[in-house]
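Visitor: Could we go through this structure together, one topic at a time? I would like to begin with the loops.

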Amino acid sequence: MTIRVGVIGTGNIGTSHARDLAMRVSGSTVTVLYDFDQARAAALADELGATAVPTFEDVIESDDVDAVLIASPDDFHAEQALAGLAAGRQLLCEKPLAPVEADALRVIEAEVALGQRHIMMGFMRRFDPGYAELKAQFTDEGIGEPLIVHHLHTNQSAPYGLASARTMTNMVIHEFDITRWLLDDDYASVQVIAGRPGPQTPEGELDPLLVVMRMQSGALVEVEAFVNSQYGYEVSCRVTGSRGGAQMGEGSFITRSVAGVRGQDVPELWLSRFAGAYHRQLQAWIDALRSAGPLPGASAWDGYVATITANCAVAALDSGLPVEVALPLRPALYD
Ligand SMILES: NC(=O)c1ccc[n+]([C@@H]2O[C@H](COP(=O)([O-])OP(=O)(O)OC[C@H]3O[C@@H](n4cnc5c(N)ncnc54)[C@H](O)[C@@H]3O)[C@@H](O)[C@H]2O)c1
């Protein structure tokens with residue numbers, strides 16, 4: 001059985017996912033595409049032998065589609081996910097579930113009302129061998145219990161414009177998700193500390209930022225987020241444990257020595273660093289749909305918790321003080 005995927009949003013990541021689903025993932029094909037920029041969707045449809053349609057609803061309602069990938073800009077995810085759920089579609093939703101907590105909650109309520117999980121979130125770091133290896137170190141033979149986590153996350157230049165709130169809801173949202181997954185723990189509080197802005201930071205915005213969190217276990221987490229770093233895309237993570245420390249590697253990049261210089265190229269975008277994780281995520285989604293097995297990866301609940309945490313971080317940005325992260329009771333669907 002081949003899963004026919006419809007894609008909403010054919011920008012950077014939508015195009016990359018669509019090509020992967022059409023050409024490399026086994027058991028899937030891409031049949032229908034929509035983008036607000038119709039010429040962009042039409043060009044990709046030509047390339048992949050798919051059909052471009054005039055509205056996102058046409059993707060969701062198409063008879064030629066078994067599952068839908070949502071890769072539109074952040075603000076449209078919730079509305080499109082709700083339409084997908086109303087049509088009973090399986091959905092892979094890029095992060096965030098929504099920038100605004102109330103919108104994410106509407107999606108949770110709709111999925112709970114269906115009584116079955118339909119949404120997998122595009123938190124692909126959960127499929128990255130680096131994070132999996134790091135998590136595997138938290139044993140008595142490894143580094144013991146995780147006590148402090150240090151993340152670094154830079155973009156070369158702000159990919160969606162520089163707004164400090166978006167740094168939380170779009171960028172650091174990756175750390176909000178992966179840290180919960182790494183530590184099997186939820187957040188107790190979040191604080192955001194702004195220091196000296198770089199000369200490229202627009203008036204009124206804050207960049208870089210330091211996000212400091214306390215987990216419910218008491219473990220501490222720190223994220224240095226620099227959305228307009230000028231030098232490239234970099235993601236690193238180091239964990240101090242009760243018996244030692246572990247640092248995640250640099251993905252699959254090689255260290256090159258040539259002409260008197262030793263070094264690594266720093267990628268411009270996330271696509272190089274996480275190409276393997278994106279592919280494994282898509283393959284795991286398709287495998288689950290083909291076997292009617294449980295959805296792997298992050299659930300809509302994980303997406304909702306990440307959005308709640310990001311919204312607390314936005315509030316913390318205003319106050320400069322730690323903000324308590326209060327989570328509602330988790331519905332049984334997500335146990
Ligand atoms: N998981 C990851 O690591 C990762 C990486 C990159 C992007 N993303 C997420 O994917 C989404 C897209 O990011 P991108 O970098 O591809 O952005 P992009 O700007 O390159 O592409 C967005 C596309 O959506 C189209 N669009 C605008 N309004 C739309 C609508 N209402 N419905 C459908 N399409 C619409 C635009 O024309 C554009 O082609 C964002 O939500 C982003 O957070 C996730």
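Guide: A word on terms first: helices (H or I, at least four residues) and strands (E, at least two) are DSSP runs, numbered from the N terminus. Residues are numbered from 1 along each chain as its sequence is written, and side-chain values use heavy atoms, with hydrogens and water left out. This is a predicted model, in which local features need pLDDT of at least 70, side-chain atom pairs count only at pLDDT 80 or more, and totals for chains, interfaces and linings use all residues.

Visitor: Where is Pro 208 found?

Guide: Pro 208 belongs to the loop between strand 8 and strand 9 (209-215). The peptide bond joining Asp 207 and Pro 208 is cis, with omega about 5°.

Visitor: And which loop holds Pro 96?

Guide: The loop between strand 5 (90-93) and helix 5 (101-114) holds Pro 96. The bond from Lys 95 to Pro 96 is cis, with omega near -5°.

Visitor: What is the phi of Gln 230?

Guide: Gln 230 is not a glycine, yet its phi is positive, about 80°. Gln 230 sits in the loop between strand 10 (220-226) and strand 11 (234-241).

Visitor: Is Gln 230 buried, exposed or partly exposed?

Guide: Gln 230 has a relative accessible area of 43%, so it is partly exposed. Buried means under 20% relative accessible area, exposed over 50%, and partly exposed in between (1.4 Å probe, protein chains only).

Visitor: What about Ala 259: buried or exposed?

Guide: Ala 259 counts as exposed because its relative accessibility is 78%. Ala 259 also has a positive phi, about 50°, although it is not a glycine. Its place is the loop between strand 13 (256-258) and strand 14 (261-263).

Visitor: Changing topic, which residues are closest to the ligand?

Guide: The closest are Asp 35, Arg 40, Asp 74, Tyr 160 and Tyr 278, and 26 residues surround the ligand. A residue is counted here if one of its heavy atoms lies within 4 Å of the molecule.

Visitor: How far is a polar side-chain atom of Arg 40 from an oxygen atom of the ligand?

Guide: The distance is 2.5 Å for Arg 40. A polar contact is a pair of N or O atoms within 3.5 Å; within protein, one must be able to donate a hydrogen and the other to accept it, and residues adjacent in sequence count only if both atoms are side-chain atoms. His 174 has a side-chain N or O atom 3.2 Å from a ligand oxygen. For Ser 72, a backbone N or O atom lies 3.2 Å from an oxygen atom of the ligand.

Visitor: How much of the ligand does the protein bury?

Guide: The protein buries 88% of the 840 Å² that the ligand exposes when taken alone. These accessible areas come from the Shrake-Rupley method with a 1.4 Å probe; for residues, only the protein chains shown count as cover.

Visitor: On to cysteines. How many disulfides are there?

Guide: The count is zero disulfides, a disulfide being a pair of cysteine sulfur atoms within 2.5 Å. Cys 93 is buried, at 1% relative accessible area, and Cys 237 is buried, at 0%.
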